[in-house]
Each structure stands twice: as C-alpha cells, then as structure tokens.
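Here is a short briefing on one protein structure. Keep the view open as you read, and find each residue as it comes up.

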Amino acid sequence: MQKRAIGPLDLCRIDPARNMQRFYSLMIQPTLFGGVSLMRCWGRIGTRDRYKIETFEETDEVEAAFAGTERAKRRRGYVDCNGYRCPVGQKRSNRSEHIA
C-alpha cells in the first residue's frame, strides 16, 4: 500500500440550522532544530483564528498525528474547503465567499 502525500489540509463544517460555520486547517512544517511541527488552525468563519503548534522529533510521529486529527474531524462532519488557506493568527473576513 502506498503512503499518501501529506500536505496542507483545509476543512470546514457549515450547518445553517445550528448556526455553525467552522474551519480547521492542518499543516506540517520543519523546525529550525531538525524536528517537525504540526500546525493546527481553527475557529468560526469570520472571526480571529486560534492555533496550536505541536513539535515532534520524527516525521512518522507528525504524520500519525496529522492523520489522526484529519480522521477525527471528518468523523465530526468536516469536509474539504475548496483550497481556502488559513493565515495563522490573522483576522479573516468574508471567508464564506471561498466556501461553496
């Protein structure tokens, strides 16, 4: 079985009946000291983002964390966001125009 290439992942969950408009982004980045970081960015569409950075020693560890988080979010109803990118730590506006 081939390993899937792990790259940036942008998910969203929109449910008008519950007034729910959420996003979740995952990205893997190398660190300056030879490790690898998993960057998570989430929040309500149109508000300031929240983010968390976890650092791992090995690439296999970060890939397992990435895959586990993706699996959990998809189980909760998140779907792909048509390529919209989460600018970590920046305020967003009019994100709904990017999600179709």
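Predicted model: local features only at pLDDT ≥ 70, side-chain atom pairs only at ≥ 80, totals over all residues.

**Sheet and helix**

- Five strands form an open sheet, in the order E4-E3-E2-E1-E5. The pairing is antiparallel.
- Strand E4 covers residues 50-56. E4 and E5 stand at the edges, and each has a single partner strand, so one side of each has no neighbour in the sheet.
- E1 and E5 pair over two bridges, in the antiparallel sense. Look for Leu-11: its bridge partner in E5 is Asp-80.
- Helix H1 lies across E1, E2, E3, E4 and E5. H1 runs at about 170° to E2.

**The nonpolar core**

- The largest nonpolar core has eleven residues. Its members are Leu-9, Leu-11, Tyr-24, Leu-26, Val-36, Leu-38, Phe-56, Val-62, Ala-65, Phe-66 and Tyr-78.
- Which elements give two or more residues to this core? They are strand E1 (9-15), E2, E3 and H1.
- H1 gives the most, with three residues.
- Leu-38 is a core member. Not counting residues up to four places away in sequence, Leu-38 touches several others, including Leu-26, Phe-56, Val-62, Ala-65 and Phe-66. Lys-52 and Glu-54 are also among the residues that Leu-38 touches.

**Aromatic rings**

- The whole structure holds two aromatic pairs.
- Tyr-24 sits in strand E2 (residues 20-30) and Trp-42 in strand E3 (residues 36-44). The pair therefore ties together parts that are 18 residues apart in sequence.
- Are these two residues buried or exposed? Tyr-24 has 7% relative accessibility and counts as buried. Trp-42, at 27%, counts as partly exposed.
- The other pair joins Tyr-24 to Tyr-78, with ring centres 6.4 Å apart. Their planes stand at 75°, and edge-to-face means over 60, so this pair is edge-to-face.
- Tyr-78 lies in the loop between helix H1 (59-75) and strand E5 (79-80). Tyr-24 and Tyr-78 are 54 residues apart, and their pair links distant parts of the chain.
- Tyr-78 counts as buried, at 7% relative accessibility.
- Through these ring pairs, Tyr-24, Trp-42 and Tyr-78 form a cluster.

**Arg-40**

- Arg-40 is part of strand E3.
- Why does Arg-40 count as buried? Its relative accessibility is 14%, and buried means under 20%, so Arg-40 falls in that class.
- Its side chain makes a polar contact with the side chain of Thr-69, at 3.1 Å.
- Neighbours within four places in sequence aside, Arg-40 is in contact with residues including Tyr-24, Leu-26, Arg-50, Glu-54 and Thr-69.

**Leu-26**

- Leu-26 belongs to strand E2. It is buried, with a relative accessible area of 2%.
- Leu-26 and Gly-7 are 19 residues apart along the chain. Their C-alpha atoms are separated by 8.3 Å.
- Gly-7 is also one of the contacts of Leu-26, leaving aside neighbours within four places in sequence. Others among them are Leu-9, Leu-38, Arg-40, Phe-66 and Thr-69.

Technical notes
Residues numbered from 1 in each chain as written. Heavy atoms only, no water. Phe/Tyr/Trp six-rings, centres within 6.5 Å; stacked < 30°, edge-to-face > 60°. Helix = DSSP H or I, 4+ residues; strand = E, 2+ residues; numbered from the N terminus. Buried < 20%, exposed > 50% of the residue type's maximum accessible area, 1.4 Å probe, protein only. Core = buried A, V, L, I, M, F, W, Y, C linked by side-chain atoms within 4.5 Å. Contact = heavy atoms within 4.5 Å. Pairing = 2+ DSSP bridges. Axes fitted to C-alpha atoms, helices over the stretch in contact; angles between N-to-C directions. Polar contact = N/O pair within 3.5 Å; in protein donor to acceptor, adjacent residues only side chain to side chain.
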